[in-house]
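Subject: Structure handover

Hi,

Here is the structure I promised you. Please open it and keep it beside this email as you read.

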Amino acid sequence: MIIDICAALITGGALVTAARIGQSTGTIGPATAAVLVLAGVPSVGLFPGTALTVLAGPRREVPR
């Protein structure tokens with residue numbers, strides 16, 4: 001259930017896919033899959049916004 005909720009946050013994410021495959025093959029348990037997906041949430045939600053803010057930088061006036 002936690003993976004389904006996080007999958008809505010990270011649609012088509014590689015971590016969600018890896019967690020699903022790991023669970024279906026029995027390689028990882030549900031708790032590990034949930035932690036794997038939740039670890040990816042900041043990289044999808046937080047880091048791109050921060051990067052855009054940093055790349056925008058301070059506004060400068062352009063001489064005419």
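Below is what was found in it.

First, the ground rules. This is a predicted model: local features need pLDDT of at least 70, side-chain atom pairs count only at pLDDT 80 or more, and totals for chains, interfaces and linings use all residues. Residues are numbered from 1 along each chain as its sequence is written, and side-chain values use heavy atoms, without hydrogens and water.

The overall picture comes next. The chain holds 4 helices and 0 strands (DSSP runs numbered from the N terminus: helices are H or I, at least four residues; strands are E, at least two). From the N terminus on, the order is α-α-α-α. Of the 64 residues in the chain, 17% are buried (buried means under 20% relative accessible area, exposed over 50%, partly exposed in between, with a 1.4 Å probe and protein chains only).

Now look at helix H3, residues 30-45. Its 16 residues should span 22 Å at 1.5 Å a residue (the expected span is 1.5 Å times one less than the number of residues). The end C-alpha atoms are 23 Å apart, which agrees. Ala33, Ala34, Val37 and Gly40 are buried in H3. Seen down the axis, the buried residues of H3 fall within an arc of 130 degrees, so they line one face of the helix (the arc is that of the directions from the helix axis to the C-beta atoms). On the other side of H3, Ala31, Val35 and Ala39 are exposed.

Last, find Gly13. Gly13 sits in the loop between helix H1 (2-9) and helix H2 (14-25). Gly13 is buried, at a relative accessible area of 11%. Gly13 and Val44 are 31 residues apart along the chain, and their C-alpha atoms are separated by 9.0 Å.

Best wishes
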